[in-house]
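Good morning, colleagues. Please look at the model as I proceed.

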Amino acid sequence: MAQSGDTGQNSVDTTDVFTTNDKFDTREDVLKWAEDVGIANKVSIIITRSDKKNGVRERNDKLILGCDRGGKYDTSQSSTSTASKKCNCPFKLRATPSIDGSGWKVQVQCGVHNHGLPDQYASHPRKARLTAEENKHVEELTKCRVAPRNIVISLKEKNPESVVDANKIYRKRNKLQKEERGPRTDTQHLLQRLDDVNFVTWNRRRDDGSNVLSDIFWAHPDSRKLLNLFPTVLTMDCTYKTNKYRLPLLEIVGTTSTNLTFNVGFAYMESEKTDNYRWALEKLKGLFTKQDILPQVIVTDRELVLMNAIEFVFPHEVNLHCMWHVNKNESSRCSVLVPKDMRDLVKKLWNNVVFSSNEVEYGLNLNEFEQTCVNSSKFLDYVKNSWLNNYKVMHLGNTTSNRAESAHWKLKQMLEHNKGTVGTNKNLCGCALRSTHELPCACELSGYTLRGVPIPLDSIHGH
């Protein structure tokens with residue numbers, strides 16, 4: 001094959017590979033030969049015209065084959081703007097029966113393509129097509145929620161020559177989802193699926209009298225059980241524009257006594273307004289089997305609308321700010337309100353403040369921070385008014401809205417600092433584990449050891 005490179009548009013001449021003196025017994029033999037040669041040379045062959053001799057004048061057996069990129073894309077037939085592969089490719093093969101009856105012969109009427117050919121077989125539509133066995137395998141893995149990239153790996157393990165890519169799996173999965181959904185809308189399908197697996201669900205419609213849903217809340221039955229066993233600390237975060245519905249999704253998670261995360265519930269909301277948050281939090285409140293068992297601490301980022309809703313629905317609970325977001329905002333304001341030569345020192349002192357291990361250390365670090373920022377009064381006022389609230393609360397180590405990363409960080413902090421050498425000295429111990437987790441700290445454990453008594457159960461928080 002010859003390929004030109006300076007025409008402004010790649011062109012490939014495949015005349016030689018499709019030129020043959022062989023005769024073929026039937027029309028189907030011609031088509032199979034052309035497809036096989038096409039696959040070997042990364043050309044997708046399609047039938048552009050097929051005539052059969054039927055006694056009508058000028059109707060004779062004839063087969064015209066072309067490239068799948070021949071012809072023009074008709075934009076009038078589509079409501080969306082999509083890219084088309086069609087580019088009026090002139091490639092054409094003509095197959096007709098020999099006059100002497102010796103079989104079908106093939107003539108190359110135009111062997112040139114006005115476009116480049118794919119570098120890999122994955123771009124070849126016929127070669128990359130899923131077989132019946134592969135289709136079944138993809139369906140089984142899709143039902144098991146296997147990611148498309150892992151499905152591709154599984155297909156290649158079964159067949160090393162497979163050229164199916166993730167895009168083909170995504171299209172197949174989308175087709176399966178449409179078949180499963182049937183005539184139902186996305187919302188109807190979601191509610192039906194939740195009902196089928198016995199989820200706890202609530203939904204409400206708009207106040208304008210329409211039949212349009214505005215908010216949906218759902219929770220797994222096992223999540224409800226875990227919530228009532230471990231209600232002490234909840235973490236909430238709302239994401240938006242990260243799903244195909246482009247709706248805010250409120251996610252609520254909890255933590256078990258073994259420091260594992262579990263999902264409590266989810267809520268699709270029409271908007272991030274106080275009313276929507278209040279409704280979702282009221283439904284969260286409805287998951288508790290006893291109203292005297294409610295969370296003590298709720299960790300969020302500084303999303304004022306959510307914070308206002310929490311204050312309304314859970315007025316007696318502490319709303320703890322996410323430390324990651326606190327530090328991010330502090331760093332941003334520091335870059336604007338603090339002289340450049342002081343910024344690194346201020347950020348270091350700020351970290352000392354927020355990660356103080358006890359109240360005495362906190363007071364000393366705060367004083368040093370204030371003295372350093374004495375000439376940056378606007379920044380100091382911002383920090384005090386926005387963040388330095390005196391949260392003396394048992395939070396079980398949940399200080400950020402990213403619970404997984406927070407738990408990992410907290411574990412590393414404990415392993416690094418718990419040397420077991422403080423004895424019964426409270427000043428050396430700091431009693432941070434007692435104040436934040438309501439668990440026996442190092443000096444308490446040393447006291448029990450010296451007295452030779454077991455750890456009392458009432459010294460351990462019920463969580």
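Over the ring of which residue does the charged end of Arg 278 sit? The ring is that of Phe 312, and the charged end of Arg 278 sits 3.7 Å from its centre. A charge sits over a ring here if NZ of Lys or CZ of Arg is within 6 Å of the ring centre and within 35 degrees of the ring normal. Likewise, Arg 333 has its charged end over the ring of Tyr 382, 4.2 Å from the centre.

A word on the basis: this is a predicted model, in which local features need pLDDT of at least 70 and side-chain atom pairs count only at pLDDT 80 or more, while totals for chains, interfaces and linings use all residues. Residues are numbered from 1 along each chain as its sequence is written, and side-chain values use heavy atoms, with hydrogens and water left out.

I turn to ring pairs. Rings of Phe, Tyr and Trp (its six-membered ring) pair if their centres lie within 6.5 Å; planes under 30 degrees apart count as stacked, over 60 as edge-to-face and the rest as tilted. By this rule there are eight aromatic pairs. One of them, Trp 202 with Phe 217, is tilted, at 5.9 Å centre to centre and 50 degrees between the planes. At 0% relative accessibility, Phe 217 counts as buried, whereas Trp 202, at 25%, counts as partly exposed (buried is under 20% relative accessible area, exposed over 50%, partly exposed in between, with a 1.4 Å probe and protein chains only).

Finally, one aromatic cluster comprises Phe 18, Phe 24, Trp 33 and Phe 91.
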